[in-house]
Amino acid sequence: MSTRRLQMLRDRMTGLIAAWLPEATVCRSHPGAVDAAVAAALIGAEPAGTEALVTVIVTGLGPGRMMDDGRHLHAAALAAWIATRHDDAGDRDRAALDLVEAVASRLPLAAPLAGAAEDDEPAPGAPHDVAAGLYTPPAADPAICLWRIDWLQEVVLGEAPAELIYPLPTEILAGFAPRIGPDHVADYVPVNGLDDPDAGGGQP
């Protein structure tokens, strides 16, 4: 799978999740591996006033099967790190739980996710096979609360073969010299009419 397609998948999922979140929360995709320390560092790098960060990553991609249109259907393993920061521990933890509920309650999507944006927004699905876990805040910044949500999402990758601009012919016609060319199209006969050489008065 190409890096470009992985990025499209992350960005597509990130955009959908962002629409489920309150304004004070930033949602970003991340191209590499993320652990608790990295997730805490990422929110620490956000500007003041950002109280929460959701970081979306792809952690795995299962084998695909070819669909009727030539594309491939895969089960992708995704994860979202949820980090909240607040001086008040109660507010911090409540905000994190609210975000976990906002994200986990809509996953996985009801229909397979395509890598590129499409006209219809995928509908949130009924939650199943979604795991969420609380991580102990890093000692370097106890004001941060960390959760991670993991889920499997069906994704469609690849491109369907382009439709033929010109359809394949349904019959083959033959003309006989010298009666050939645009002025003699009406004289052409199907190839099964070649059994009668007198029909054209010459060689095909």
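Arg92 is buried, with a relative accessible area of 11%; buried denotes under 20% relative accessible area, exposed over 50%, and partly exposed in between (1.4 Å probe, protein chains only). The model is predicted, so local features need pLDDT of at least 70 and side-chain atom pairs count only at pLDDT 80 or more, whereas totals for chains, interfaces and linings use all residues. Residues are numbered from 1 along each chain as its sequence is written, and side-chain values use heavy atoms, with hydrogens and water left out. Helices (H or I, at least four residues) and strands (E, at least two) are DSSP runs numbered from the N terminus.

**Salt bridges**

- The structure holds four salt bridges, a salt bridge being a side-chain nitrogen of Lys or Arg within 4 Å of a carboxyl oxygen of Asp or Glu.
- Side chains of opposite charge can pair when their charged atoms come close.
- Arg94 forms a salt bridge with Asp91, where the closest N and O atoms are 2.7 Å apart.
- Arg94 and Asp91 are separated by about one helical turn, because they stand three residues apart in helix α3 (residues 89-104).
- Asp91 counts as partly exposed, at 33% relative accessibility.
- Arg148 and Asp150 also meet through their side chains in a salt bridge (2.8 Å, N to O); Arg148 is buried at a relative accessible area of 17%, while Asp150 is partly exposed at 26% relative accessibility.

- Helix α1 (residues 3-18) has 16 residues, which at 1.5 Å a residue should span 22 Å, and its end C-alpha atoms are 22 Å apart, in agreement; the expected span is 1.5 Å times one less than the number of residues.
- Buried residues of α1 include Leu9, Met13, Leu16 and Ile17, and also Arg10 and Arg12.
- The buried residues of α1 pack against β1 (25-29), β2, β4 (72-85), α3, β5 (113-114) and β7 (144-157), contact meaning heavy atoms within 4.5 Å.
- The largest nonpolar core has 29 residues, of which Met13, Ile17, Leu21, Val54, Ile82 and Trp151 touch the most other members; such a core is a set of buried Ala, Val, Leu, Ile, Met, Phe, Trp, Tyr and Cys residues joined through side-chain atoms within 4.5 Å.
- At least two residues of this core come from each of α1, β2, β4, α3 and β7.
- Apart from this core lies another, of twelve residues, among them Ala36, Ile57, Ala83 and Leu146.
- Contacts of Met13, not counting residues up to four places away in sequence, include Trp20, Val56, Leu107 and Trp151.

**Loops and backbone geometry**

- Most residues other than glycine have a negative phi, and most peptide bonds are trans.
- A cis peptide bond joins Leu107 to Pro108, with omega about -10°; Pro108 is placed in the loop between α3 and β5.
- The bond from Ala177 to Pro178 is likewise cis, with omega near 10°, and Pro178 occurs in the loop between β8 (173-174) and β9 (189-190).
- Asp129, a residue other than glycine, has a positive phi near 55°; Asp129 lies in the loop between β5 and β6 (130-135) and counts as exposed at 61% relative accessibility.
- Thr50, in the loop between α2 (36-44) and β2 (52-61), is buried at a relative accessible area of 10%.
- Not counting residues up to four places away in sequence, Thr50 touches Ala24, Val26 and Arg85.
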